[in-house]
Amino acid sequence: MADGALPILEMKGISKRFPGVQALSGVDLRLFAGEVHAIMGQNGAGKSTLIKVLTGVHPADTGHILLEGAEIRPTSPLDAQRLGISTVYQEVNLCTNLSVAENIFIGREGSHGFAIRWKEMRRKAAEQLAELNLHIDVTAPLSSYSIAVQQMVAIARSLSAKARILILDEPTSSLAEEEVRLLFSVIRRLKSHGMGILFITHFIDQTFEIADRITVLRNGERVGEFPTAALSRITLVTKMVGREIAEAGARRTQAAAAPGAAAQEAAPFLRAEGLGKKGSVHGVDLEVRPGEALGLGGLLGSGRTETARLLFGIDRPDEGALHVAGVETDLSRPLDAIQRGIGFCPEDRKLEGIVGELSLRENIILALQSKLGIFRNLSRRRQQEISDEYIAKLGIVVPDAEMPVAKLSGGNQQKALLARWMATDPRMLILDEPTRGIDVAAKAEIMGQVLDLCDRGMAVLFISSEMEEVLRYSDRVAVMRDRRKVAEMASGDADEHTVFQIIAGGQA
Amino acid sequence: MRNPAAPSLAAPASAAGGARRAPRRLDPRHLPLVVTIALFLLMFGAGSVAFDGFFSLQVFLNLFVDNAFLAITAIGMTFVIVSGGIDLSVGSVIALTTMVSAALVEQHGWSPAVVIPLVLCLGAVFGFTMGVVIQYFEIQAFIVTLAGMFLARGLCYLISINSITISDPFYTHVSMLRIPFLFDTSISFNVVIALVVLAAAVYLAHYTRFGRTVYAIGGSEQSALLMGLPVPRTKVLIYTLSGFCSALAGVVFTFYMLSGYGLHAGGMEMDAISATVIGGTLLTGGSGNVVGTMFGVLIYGTIQTLIMFQGELSSWWTKIVMGLLLLLFCLLQKAFERRSARA
Amino acid sequence: MNAGAGRPAEGGVAAAAQAMRAFTRRRIFWPLATLVLLLLFNLISNPHFFSITIRDGHLYGSLVDILNRAAPLMIISMGLTLVIATHGIDVSVGAVVAISAAVAATLIGGQLVISGGMQDVSRYPLPLVILAALAVAALCGMWNGLLVSYVGMQPIIATLILMVTGRGVAQLITSGQIITIYYSPFYFVGNGWVLGLPFSFFLVGAVLAAVLVLARRTALGLFIEAVGVNPVASRFAGVRARSITFWVYALCGFCAGIAGLIVSSNVKSADGNNAGLLFELDAILAVVLGGTSLAGGRFSVVGSLVGALVIQALTTTIYAAGVPPEVTLVVKALVVFAVSILQSDRVRNRLGALVGNEEVAR
């Protein structure tokens, strides 16, 4: 790392707003040649938006990007590539049905011509990979190699395109230990050749191993830029998931001393014993009691959503047992869970939650109607009554209930989803990142409603990446790491420090 | 030192540095082709055992002679399906080609030297138009080519309801031309055309930028775009190529049938799709090759020949059997997909 | 369905204008307008077009004729509407018509026997024949449904298989012959009269009533639309997506079966090659004209009915104008092109921007 030298890349004052949410506010970033710079933050912190701005997917609202001192305004990923900024995505984004050699060379600038010169292509591909110390058969289809190798090929492609800046977007999520070793040795080699590398990850240990400096983002703002050597694990985790200014609003631990204690005695509504599924989670034991809010905390990739899917019948477990209301149950489809009184607000609102072109009214009554079946049709009037009731209760802002729900803001969509489940009068509600991408007021309203229901005897499983939120809104907190549950405690007994330690995985 | 933050892995992976693929017993890429060839040999063998006179070189060559037009059509279809699309208009374009040729040559006295290039251009333009609509308006290929299918048939009937016999000397000459082959056998000129098209297709698919882009699009259109490949242009070209192949197949069909008729090649799109899928091309795109398609066509021809030799079954059985084989291969592909998704 | 939001009316005229504008934004406006235009066009060239006469207690006239001829298409379009609403397609409807006709004809038998002055010999009792034909048609639909919902095949391929092999199957059933139906009670299906109106009217009415009840009086319509728009989110909300998709294809097959009975009754025969030929194009066109999008989601059964009438009126207009009937196929294909382009996102966004519309009227 060259001190005193100019950064090869500078992003200054980048802001980006999407309808309903400020994704980035005045973010700065500096990258020097020959350094590995990690960008860390939870989901919704703004990492991916920052990268999208850098690679030309979205234009920034304000701010400048300087590449070697000259301002650039990339208009598309291809444009960014041409400027020397290459990205290796988590899903690799190559054509796995083509051979390795083709994936390195095809489609690039300067490689025109009608016919393909296979021999030359193969030779050059082998050379390029050799630079990364990778010796494989370049004629084989990319799909016959592991993700780790595919990533190397993607890196080789960037190198052959003369990239000066390499962005690695969550590269280690699907890698085994030895593969991570290998990737890091490649990264170090590239570093020594003067490449500037942006490394986006949520794995703390890896950051400490490979990164020279770390920029932490939270809620669209830059918390700080730190040399890795000067930072401790705990401090990093704190900065990533740290403390929000305490707001007026629902606070679980405040309200619930007595009911919480009583709830401890009641039989659990939902009990998972050693629940697991291949490729998903293992040996998860959970209990959620009526009137109790169980928070599920952990970093990205720790298996929280996968657990929720098993509890709701979206996935079927390979191992373990699930008991609902004391009865051992096999949930083969979401409708089974719904009929037993469970509801689920998924993480990806757009894809898995709302039925965009249907109206707000229809979205709200959908789960209730599913529960009733085809023949017990809710009359139009009854539907309007129900949807009006929840629109008022949750404060959904719409001119009328016939509006297609896709046109609502994120916060209102989330409220609509919550209304859907409230209309089924559930005995348990699973919420996966319910407050992501939502403004503060809506957040408070939503969580207020949920906790109110909880007070009246509904069980809640609350998943969030914001540890502070998890602690604030839950009676008990379970922590997941590496697809297993590693700890559980009453939120009153936990302070953030302890939890962060558990998440960070080891002594500070 | 245990690294607690390292994720536990889903799929096993071979360590990368010095990685080798699994030792090559049978390159899994070639498995579909092997299955197809085996199926063909099985059927041809069954026929040879069941019927006298089946096992002869001429019978084998007749597979090519009688199905040259299907081969050309299916080769064009292969490119479309590999890219993840579909073209339902091929049979109708064949019919339209025969009709236009017959009308121009017989009723207007145009020379074949003008007519043949003209209908080839027409086929290409037809395909080009469909490709543009599919790409630019982002409408599903099946509906655009379905409409194209009916449009082409309609244009046929517009030219003439009845069939127009071709008696032009050039056509009759080519139709009756027999090129001597080994051991007193012979093939028609159509076979030569089909084989040339096959060779050209192999070159196009494996040695040109266009061909590789077709495969890339079938693998992942989004990745292909990100990799800088000329996706929109290629998609339009794919349908243009299919239209051209259909027109060429139509020319070959004209030599074969010596007439133009709106009912020609009815349902041929199904046969072309079947031959392509049985030949090992994945309906979802990204994988397949024209040599396999050729064998798919041979299988079609064998079924037809078996039925002919049998003498009693109606020729409708050919379509039914092909349909069932298509179904079988689709089910196999789905099962394979599920198995590899779980792995 | 999506009417525009109403504001309080300011006076009678304003209220009427408001209602008018709201009506134009309803999905059924354009197909209805097209139909009216076509009928008016016919009226101009033939002043007697709208006249209805009564002979032998039966109603006759061009309008009655159009409704009668359009009956098979109307019934098929209604079944197909639900399939398309789930973001699927069924191109095998024509083949199922042929199969249904073949089953009926074969079970009746092609024997001409005159006894007591009536041609009334059937190998099996008529109710059984009808039941069998409908059952086989429904089975074809279930076959499609099985492939699409449980095996997960693309609808176009799954139904394409039946489209091509189905005709072969129909041929097999009739042993390759065109079977003539001599059994006169069977003619009632296509040619009978009840209360002065053709019997086919009542069939259409019955199917319409049944489909409307299923779609609008039960939750099925809501579930179908949800599945068509977002099958994943629907499933997470408890909708039985696979089951619904399966039954929707079964129903479509059943409708094609009814149409097959009408057709074979009308032409008094079953022709494996030609029965129901090109019905699939007409049916798709009817659904699309009726305002249901090929991408699935919101659907309109009545719209498809009107669409079918438009197609029949178009055919009649073309005949009446002396234009060769071959033109109709070209015209229909071009209309499918035009409508799918108009329904495409790109065009809708462009148009929406022009009109400044918030709600895109589909």
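**Exercise 1.** What percentage of the 362 residues in chain C is made up of buried residues?

*Solution.* The structure is a predicted model, and burial here requires 20 or more other C-beta atoms within 10 Å of a residue's own. By that criterion, buried residues account for 52% of the 362 residues in chain C. As a next step, consider the elements of the chain, which comprise 15 helices and eight strands. Turning then to contacts in chain C between residues at least 6 apart in sequence, one finds that 78% of them link residues at least 24 apart.

**Exercise 2.** Decide where in chain C the coordinates call for caution.

*Solution.* Start from the overall scores, which are ipTM 0.82 and pTM 0.82 for the model, while chain C has an average pLDDT of 82, with 87% of the residues scoring at least 70. Among the elements of chain C, H9(C) has the highest confidence, at 95, and strand S4 (residues 118-119) the lowest, at a mean of 54. Next, examine residues 1-6 of chain C, where pLDDT stays under 50 and the model has 16 contacts beyond four places in sequence. Residues 357-362 of chain C also have a pLDDT below 50, with ten contacts beyond near neighbours in sequence. Where pLDDT is low, predicted coordinates should not be read in detail.

Conventions:
Residues numbered from 1 in each chain as written. Chains lettered and ligands numbered in written order. Predicted model: local features only at pLDDT ≥ 70, side-chain atom pairs only at ≥ 80, totals over all residues. Helix = DSSP H or I, 4+ residues; strand = E, 2+ residues; numbered from the N terminus. Buried ≥ 20, exposed ≤ 12 C-beta atoms within 10 Å, placed from the backbone. Contact = placed C-beta atoms within 7 Å. pLDDT = per-residue confidence, 0-100.
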